[in-house]
Amino acid sequence: MLEAFAASTIAMATPLLLAALGELIVERAGVINIGIEGAMLAGAFAGVAVAHATGATLAGVAAAIGGGVAINAIFAFVAVNLAVNQVVAGTAIDLLAAGVTGMLYQRIYGATGRAFTVAPMRPIALGPLARLPLIGRALFDQSALVYLAFALVPAIAWTIGRSRFGLSLRAAGERPEAADALGLGVYRLRWIALLASGALSGLGGAYLTLAYADTFVEGISAGRGYVALAVVIVGRWNAWGVAAASLMFGAAIALQFVLQAAATAIPYQLFLALPYLLTVAVLALMGGQADAPSALGEPYIRA
Amino acid sequence: MSRRLAAALRPAAAIGCALAAMAIALALLGASPLAVAADLADGAFGNWIAFTDTLARATPLVFCGLAVAVAFHGALWNIGADGQLVVGALAAGALGPALAGAPHTLAIVAIIGAGGLAGALWGGLAGWLRARRNVNEVISTIMLNFIAAQLLSWAVHGPLMEPSGAFPASRKIAAAARLHLYFAPTRLNLAMLFAVALAAVCELGLFRTVPGFELRALGRNRRASAFFGLPIARLTVGAMALSGALAGCGGAVQISAITHRLYETISPGWGYEAIAVALVARLSPLGVVPAALLFGALDNGSQAMQRADGVPAQLVYVVQALVIIVMLAFDAAAGGGWRELLEGGAPDRPDATAETCDA
């Protein structure tokens with residue numbers, strides 16, 4: 001049972017981690033993107049639709065990246081270039097993605113949504129490591145997207161913290177006027193961040209449909225994008241922290257499967273609400289946003 | 001063209017743009033935009049029943065639109081009107097069956113009051129978390145929406161389930177607690193009038209009272225408000241509680257006037273749609289009424305549209321989203337007005353409250 005719990009913790013943490021790493025990049029550049037839920041949903045749908053049509057999982061993954069990037073490009077134009085309120089624009093993006101994916105789903109697969117499945121992404125066992133007790137299956141017998149998500153953690157930590165590009169990105173998030181005065185191009189930096197985040201959110205969505213559920217249902221992202229926003233806060237705007245927070249939330253979600261089987265007297269709705277309850281509780285206990293980028297959520301208008 | 005006139009025309013232009021984009025999308029989907037528009041209008045206003053149904057569908061949108069408008073004036077980004085409406089409906093549905101034998105007026109006051117109180121607690125919790133624990137209200141209200149949905153699901157599958165246990169729905173509320181339908185079979189009832197009266201109260205409260213002024217000041221500049229010694233924590237909790245109460249009343253009214261019992265799917269997402277309503281109303285409480293009617297008509301008409309043309313009803317989400325985006329873009333391009341509000345009040349920057357007060 002512990003082995004299964006460890007495996008589903010990783011499985012549940014992966015989409016959160018992919019989305020939260022994207023949101024981390026965006027927030028370090030000074031933008032808060034509530035539309036991340038929509039980007040995940042778009043990636044989930046585009047991925048499964050293309051994989052179903054072509055029969056090629058890799059084409060599905062590429063389409064998922066494309067879906068997430070397209071959604072974020074709309075958000076970037078509105079939030080960066082038109083400098084509108086980011087929270088309200090992000091909410092609109094979520095509605096847009098829910099509407100478009102719902103419509104296309106009904107158009108393509110019929111009003112009730114004919115049940116269909118795609119060939120799942122196969123787990124890749126890493127030789128003898130996968131046979132390690134307890135953690136072998138969880139860590140070394142997963143789909144490629146899981147390995148990618150965790151490999152991205154050090155890469156993104158280094159890029160944000162040590163590279164020249166990361167320094168510019170952080171400047172855009174802390175003091176956009178100064179960054180622009182230095183010729184760093186705040187609009188360009190925020191666009192790059194949002195497009196990268198779109199790709200990661202799309203991958204997170206692809207994980208849901210191509211590696212986990214093997215199908216699509218309306219609203220399959222089920223608030224994971226919003227939980228990813230909390231993951232970034234709990235992770236203190238730092239890639240390693242985000243990874244740890246994703247694992248914590250992944251474990252909370254995985255816990256519902258264990259508890260549901262073990263304790264039937266407790267209403268299942270409590271388990272379903274657990275990740276959301278945990279989000280509120282952790283944020284309330286941690287309080288404060290002192291580590292947040294200074295210009296987070298402030299539209300920047302170039303003088 | 002005068003500035004005022006231009007500002008007044010912007011919502012109409014935003015809706016026009018969104019509808020034009022929708023027409024293009026319909027054409028791409030292979031449906032005739034004109035035929036779809038005709039079916040949509042027919043479904044919304046085609047006959048007396050359709051028209052009164054539009055009014056009934058607009059009513060919860062007025063409540064939620066007011067909730068959003070009040071919170072947004074304080075730069076409190078309440079995305080949680082949906083959860084607040086759900087807990088309001090939950091309280092009303094739980095209390096309703098117990099009101100048998102009570103005088104009608106008292107029962108109505110009790111059931112709507114219960115809904116308002118539950119909504120106030122749900123919204124006030126997010127306000128308290130923001131004021132005392134500095135938790136971003138955007139995230140907390142969204143999380144509380146999901147929690148409310150699970151709470152409702154548990155209630156109608158568990159303690160509040162109707163006696164036969166066949167359907168995930170609650171028992172019917174007592175007849176005394178039902179808002180009278182005057183012209184059955186239409187759904188015309190007093191709730192719409194109540195909603196309009198509330199809009200007027202909100203308008204006066206926001207623009208003619210001291211707390212209303214303070215809330216708007218808070219929304220425009222949190223730092224300066226702290227500097228001038230406004231009770232920021234109290235305003236934040238109060239505004240979020242009021243916002244939640246408005247949405248909660250909407251949920252209770254829906255139970256009392258329309259469904260008479262709880263279902264899992266009591267809200268089709270009114271709390272999110274209300275953001276579009278409030279923006280089209282330019283955050284004016286009185287403006288929320290016509291804006292809600294417009295979106296209520298769209299919702300109602302879209303059902304007919306789905307039946308007649310096979311166009312998925314999710315199209316209305318796309319329209320809502322486009323209206324919000326176009327509305328924001330127009331205001332950004334025009335500058336002035338409430339633009340400063342909608343771009344001030346970053347969701348949760350570390351408040352410089354303490355330093356500012358010491359300085």
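This is a predicted model: local features need pLDDT of at least 70, side-chain atom pairs count only at pLDDT 80 or more; totals for chains, interfaces and linings use all residues.
**Entry 1**

I began with who takes part: chain A brings 50 residues to the contact and chain B brings 47. I then looked up the area buried between chain A and chain B, which comes to about 4,300 Å², with 74% of that from carbon and sulfur atoms. On the chain A side, I noted that A:Leu95, A:Met103 and A:Arg107 supply 15% of the area this chain buries against chain B, more than any other three residues.

Next I checked for pairings across the interface. I found zero salt bridges between chain A and chain B, but four residue pairs are in polar contact there.

**Entry 2: the chain A side**

Which helix of chain A gives the most to the side that touches chain B? I found that helix 4 does, with 14 residues. Helix 4 (86–109), helix 10 (224–234) and helix 12 (268–286) of chain A each supply at least two residues. Sorting this side by class gave me 34 nonpolar, 13 polar and three charged residues.

**Entry 3: a helix pair inside chain B**

I moved on to helix 3 (residues 48–73) and helix 10 (residues 232–259) of chain B, whose axes lie 7 Å apart at an angle of about 175°. Angles over 145 degrees count as roughly antiparallel, so I logged helix 3 and helix 10 of chain B as roughly antiparallel to each other. Their contact includes B:Phe63 and B:Leu66 from helix 3, and B:Leu246 and B:Val253 from helix 10. I sorted the residues of this contact too: 17 are nonpolar, four are polar and none is charged.

Terms used: Residues are numbered from 1 along each chain as its sequence is written. Chains are lettered from A and ligands numbered from 1 in the order in which they are written. Side-chain values use heavy atoms; hydrogens and water are left out. Axes are lines fitted to C-alpha atoms, for helices over the stretch in contact, and angles run from 0 to 180 degrees between N-to-C directions. Helices (H or I, at least four residues) and strands (E, at least two) are DSSP runs, numbered from the N terminus. Angles under 35 degrees count as roughly parallel, over 145 as roughly antiparallel, 65 to 115 as roughly perpendicular and the rest as oblique. Contact means heavy atoms within 4.5 Å. Ala, Val, Leu, Ile, Met, Phe, Trp, Tyr, Cys and Pro count as nonpolar, Asp, Glu, Lys and Arg as charged, and the others, Gly among them, as polar. Buried area is the accessible area (1.4 Å probe) that two parts lose on being put together, summed over both. A salt bridge is a side-chain nitrogen of Lys or Arg within 4 Å of a carboxyl oxygen of Asp or Glu. A polar contact is a pair of N or O atoms within 3.5 Å; within protein, one must be able to donate a hydrogen and the other to accept it, and residues adjacent in sequence count only if both atoms are side-chain atoms.
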